[in-house]
Amino acid sequence: MPNLPMTLAVIYESLRLRDLVMTLPKLVAEDTIIPYTTWDDNGTITHHTRAIKAGSHLIIDSPALSRNPFAWNNSETFDPMRWITRTDLGVNHFSGFSMGVRVCIGKRMAEIEMITVIGVMCKEFRMSHVPQDGEEREEMVKRVLKGSEELNLRPPKFGLKLEKR
């Protein structure tokens, strides 16, 4: 895996922008104060805090956290280099596998499997999307990236052409 850092960076950036997990439920262990920021349509930024009592149930909105413009530089832009340079504040707050002591026990195995599958696919095949009849590239990209948010993110059906290298 150390030989494929860009593959892992692309995986993490893909997960950041199209996270499969919609929410992370948590039980607050001790009284705490959580800072948060809001902004209105005019761009006026307001900083707040909220006291949370121990025993409270807390839901983390993972997609919102992964696109928070106060944590991520150019939060809506696909930029795998942020994971290579690690100069982006957001990489320290990525919640794709949960966070802290409750991080997913299968995280490392998932990384290895994703790198292996994607690495072999890229080595063995040239891949391209198959547009629908009369569909322009921009329309196809918009359709392919649209998912339905339920318990998790479900991508739409789309065609993928594989050509053996």
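**Figure 1. Order of elements in the predicted model.** From the N terminus on, the elements of the protein run α-β-β-β-β-α-α-α-β-α-β-β-β. The model is a predicted one. In total the protein has five helices and eight strands. The C-alpha trace spans about 55 × 40 × 30 Å along its principal axes. Of the 165 residues in the protein, 22% are buried. Among contacts between residues at least 6 apart in sequence, 63% join residues at least 24 apart. The protein exposes about 12000 Å², and carbon and sulfur atoms supply 58% of this area.

Figure 2. Strand 2 covers residues 32–39 and strand 3 covers residues 45–52. The two strands run antiparallel and are joined by eight bridges. Two of the pairings can be followed by residue. Ile34 has Arg50 of strand 3 as its bridge partner, and Trp39 stands opposite Ile45 in strand 3. Five residues lie between the strands of this hairpin. Gly43 takes a positive phi there, near 90°.

Figure 3. Glu13 lies in helix 1, which covers residues 5–17. The relative accessibility of Glu13 is 0%, so this residue counts as buried. Not counting residues up to four places away in sequence, Glu13 touches Thr77, Phe78, Asp79, Pro80, Arg82 and Trp83. Trp83 is 70 residues from Glu13 along the chain. The C-alpha atoms of Glu13 and Trp83 are separated by 7.6 Å.

Figure 4. Ser66 is placed in helix 2, whereas Asp19 is found in the loop between helix 1 and strand 1 (23–27). Ser66 counts as buried because its relative accessibility is 1%. Asp19 is also buried, with a relative accessible area of 4%. With neighbours within four places in sequence left aside, Ser66 is in contact with Arg16, Asp19, Trp72, Phe94 and Ser95. One of these, Ser95, is 76 residues from Asp19 along the chain. The C-alpha atoms of Asp19 and Ser95 are separated by 8.9 Å.

**Figure 5. Asn74, a residue with positive phi.** Asn74 is placed in the loop between helix 2 (62–66) and helix 3 (81–85). Phi of Asn74 is positive, about 45°, although the residue is not a glycine. The relative accessibility of Asn74 is 61%, and Asn74 therefore counts as exposed.

**Figure 6. Arg86, in the loop between helix 3 and helix 4.** Arg86 is placed in the loop that runs from helix 3 to helix 4 (107–124). Arg86 is a residue other than glycine with a positive phi, near 55°. With a relative accessible area of 47%, Arg86 is partly exposed.

**Figure 7. The two sides of helix 5.** Helix 5 covers residues 137–145, and its buried residues are Met140, Arg143 and Val144. Seen down the axis of helix 5, these residues fall within an arc of 95°, so they line one face of the helix. Strand 5 (125–130) is included in what covers them. Glu138 and Lys142 are exposed on the other side of helix 5.

Key. Residues are numbered from 1 along each chain as its sequence is written. This is a predicted model: local features need pLDDT of at least 70, side-chain atom pairs count only at pLDDT 80 or more; totals for chains, interfaces and linings use all residues. Side-chain values use heavy atoms; hydrogens and water are left out. Helices (H or I, at least four residues) and strands (E, at least two) are DSSP runs, numbered from the N terminus. Buried means under 20% relative accessible area, exposed over 50%, partly exposed in between (1.4 Å probe, protein chains only). Contact means heavy atoms within 4.5 Å. Accessible areas come from the Shrake-Rupley method with a 1.4 Å probe; for residues, only the protein chains shown count as cover. The arc is that of the directions from the helix axis to the C-beta atoms. Two strands pair if DSSP finds at least two bridges between them.
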